[in-house]
Amino acid sequence: MKALKILLLLIAVSIMGCSDLEEEPVGLLAPEGFFQSTQDIQTAVNGSYTHAINEKFWGRKLSIALMLRSDMVDLASNETRRMEMNDLTTLGNNGMISEFWPKTYQGIAAANQAIAGAEFVAADEAIKNPVIAQARFIRAFYYFHLVRQFGDVPYLDQPVSDAAAAASIGKTPAAQVYENIIADLEYAKTWLPDTQPTRAIPSKGAASSYLALVYLTMAGNNDTAMFQRAFDEAEEVILNAGTYQYDLDSDFQNLFNANVIDGSVEPIFALDYNNFEAPNNAYDQIAPMTGIRGDDRNEGGGWSVAVPSLAVYTTWPADDYRRAVSMDDGASIDGNLEPFTNFIASGHQFAKNQPYIAKYTRFPGPFARGNARATSHNYSMIRFAEVLLIAAEAGVEVGENQAAITYINRIRARARMGGTTEKDGVTVTVAPSAVPADISGTVTVNDVLEERRLELAFEGKRWYDIARRQIGATVFGASGLEGAKSDFSVTDYLMPLPADELDRNPNLLPQNPGY
């Protein structure tokens with residue numbers, strides 16, 4: 001059984017989204033025995049999706065880690081593994097990494113099982129390949145997270161069922177991982193349909209949108225050819241938005257309202273919690289992690305863990321509707337309306353006297369449990385506004401200034417429209433305003449990054465922007481939103497590989513630089 005504890009063997013047959021292993025799982029779920037129809041392939045794909053909504057992935061561990069590592073979110077609690085993420089002092093034995101690393105590979109394993117099992121299914125390409133394309137899309141999705149977090153990682157494109165083989169697996173260079181991601185997304189783009197019954201199932205436009213983001217990430221600061229590919233791919237999505245049924249939602253708040261999000265045209269690919277509290281922590285806990293201690297909402301409010309830096313609020317124009325949607329600067333505590341300056345006195349020792357993230361606590365849906373656990377939220381992994389911003393940023397880099405202006409101003413125009421949100425627990429209508437004003441003249445990269453920072457605030461995007469643009473020394477300097485983070489180094493752009501994985505498989509050595 002010791003060999004079974006090697007990660008890459010442990011996850012090999014994680015089809016159904018459960019991490020509990022039987023003694024001989026390969027024999028129970030051998031591809032030639034299980035896969036008889038395209039529905040069997042879809043079952044394996046669905047299992048791969050399930051790992052993404054687990055508490056160990058987007059339900060809490062990875063999503064909160066990405067928030068804390070950014071320059072927009074600070075830590076209110078004193079728990080060590082989160083402090084390491086927040087302070088960029090993460091160690092290889094960090095408990096958050098040891099949760100989301102295996103969960104990510106479990107999702108990959110299920111996708112690999114679907115792809116391998118499809119070989120045993122006799123069906124026309126037109127029927128079978130669109131399901132395989134879902135598996136290749138979600139495999140690319142998982143690897144895209146891994147390569148941005150860790151750099152060189154083990155790359156598996158087929159099930160692993162032999163202990164000796166698992167123990168000998170080494171790291172694949174990041175450049176090759178990216179090429180494999182692109183190949184998967186190109187396949188998905190070829191075979192996926194233009195639309196799907198739900199945005200939780202990837203479509204052709206989702207594959208194209210992710211390709212644009214991958215190219216933008218690979219471009220770094222100076223790869224013009226990659227910027228051109230990002231621009232072309234994003235524009236393809238924009239120009240075919242009618243076919244894919246994409247647009248900006250008329251009300252920014254709708255994107256974070258579990259009661260209405262299913263009807264929104266803006267999400268492109270989403271993780272849908274779907275009113276179901278699955279076993280093995282496969283449910284959403286972001287709302288309580290970001291909620292206000294003592295708040296009268298959601299049966300006791302939140303846990304005051306991940307809290308925005310005060311400067312995020314004070315530097316965000318007050319008349320920008322997106323700030324009103326994104327942050328709570330007041331709350332009802334014990335029946336009294338309290339400003340954020342009084343949250344500690346009126347709430348809990350771990351509360352903070354600063355505004356809180358509001359995107360996930362206001363409208364968690366009727367399924368939400370106490371503290372807004374297990375919400376009905378759909379988390380947009382990529383949405384149409386981001387595609388516009390990808391086109392704008394890449395456009396700046398390839399000399400398409402007018403396109404960049406057009407795309408940023410579409411997003412700003414939506415923000416100026418106002419809408420219906422919540423203030424101090426009461427539903428309010430925010431009237432249209434003149435903020436943010438249109439951009440004119442020459443658009444800069446910093447203009448686009450700032451627009452991304454506000455538009456996509458607290459959505460797990462900011463850290464990746466900091467890393468791909470290598471702006472850590474600036475944003476974590478003395479004038480940054482969180483103030484200076486001591487001893488920031490370029491090695492902080494990657495996290496350490498899990499120490500227990502290195503212990504089990506020395507082929508994964510050396511550890512990432514700086515750890």
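How many aromatic pairs does the count come to? The count comes to 28 aromatic pairs, where rings of Phe, Tyr and Trp (its six-membered ring) pair if their centres lie within 6.5 Å. This is a predicted model, in which local features need pLDDT of at least 70, side-chain atom pairs count only at pLDDT 80 or more, and totals for chains, interfaces and linings use all residues. Residues are numbered from 1 along each chain as its sequence is written, and side-chain values use heavy atoms, with hydrogens and water left out.

**Aromatic pairs**

- The rings of Phe-144 and Tyr-178 have centres 6.4 Å apart and planes at 70 degrees, so this pair is edge-to-face (planes under 30 degrees apart count as stacked, over 60 as edge-to-face and the rest as tilted).
- Phe-144 sits in helix 8 and Tyr-178 in helix 10 (residues 174-191), so that the pair links distant parts of the chain, 34 residues apart.
- Phe-144 is buried at a relative accessible area of 1%, and Tyr-178 is buried at 12% (buried means under 20% relative accessible area, exposed over 50%, partly exposed in between, with a 1.4 Å probe and protein chains only).
- Phe-476 and Phe-488 form a tilted pair, 5.5 Å centre to centre with 45 degrees between the planes.
- Both Phe-476 and Phe-488 lie in the loop between helix 22 (472-475) and helix 23 (499-504), and their pair ties together parts 12 residues apart in sequence.
- Phe-476 counts as buried at 2% relative accessibility, while Phe-488 counts as partly exposed at 21%.
- A cluster linked by ring pairs includes Phe-57, Trp-58, Phe-144, Tyr-178 and Phe-269.

**Helix 7 and helix 8**

- The axes of helix 7 (residues 97-117) and helix 8 (residues 125-150) come within 9 Å and cross at roughly 155 degrees (axes are lines fitted to C-alpha atoms over the stretch in contact, and angles run from 0 to 180 degrees between N-to-C directions).
- These two helices are therefore roughly antiparallel to each other (angles over 145 degrees).
- Among the residues that meet are Phe-100 and Trp-101 in helix 7 and Tyr-142 and Tyr-143 in helix 8 (contact means heavy atoms within 4.5 Å).
- The residues of this contact divide into 15 nonpolar, four polar and two charged.

**Helix 18 and helix 20**

- Helix 18 (residues 384-397) and helix 20 (residues 445-455) have axes that come within 9 Å and cross at roughly 165 degrees.
- Helix 18 and helix 20 are therefore roughly antiparallel to each other.
- Their contact includes Leu-389 and Glu-393 of helix 18 and Val-448 and Arg-452 of helix 20.
- By class, the contact has eight nonpolar, no polar and six charged residues.

Methods:
Helices (H or I, at least four residues) and strands (E, at least two) are DSSP runs, numbered from the N terminus. Angles under 35 degrees count as roughly parallel, over 145 as roughly antiparallel, 65 to 115 as roughly perpendicular and the rest as oblique. Ala, Val, Leu, Ile, Met, Phe, Trp, Tyr, Cys and Pro count as nonpolar, Asp, Glu, Lys and Arg as charged, and the others, Gly among them, as polar.
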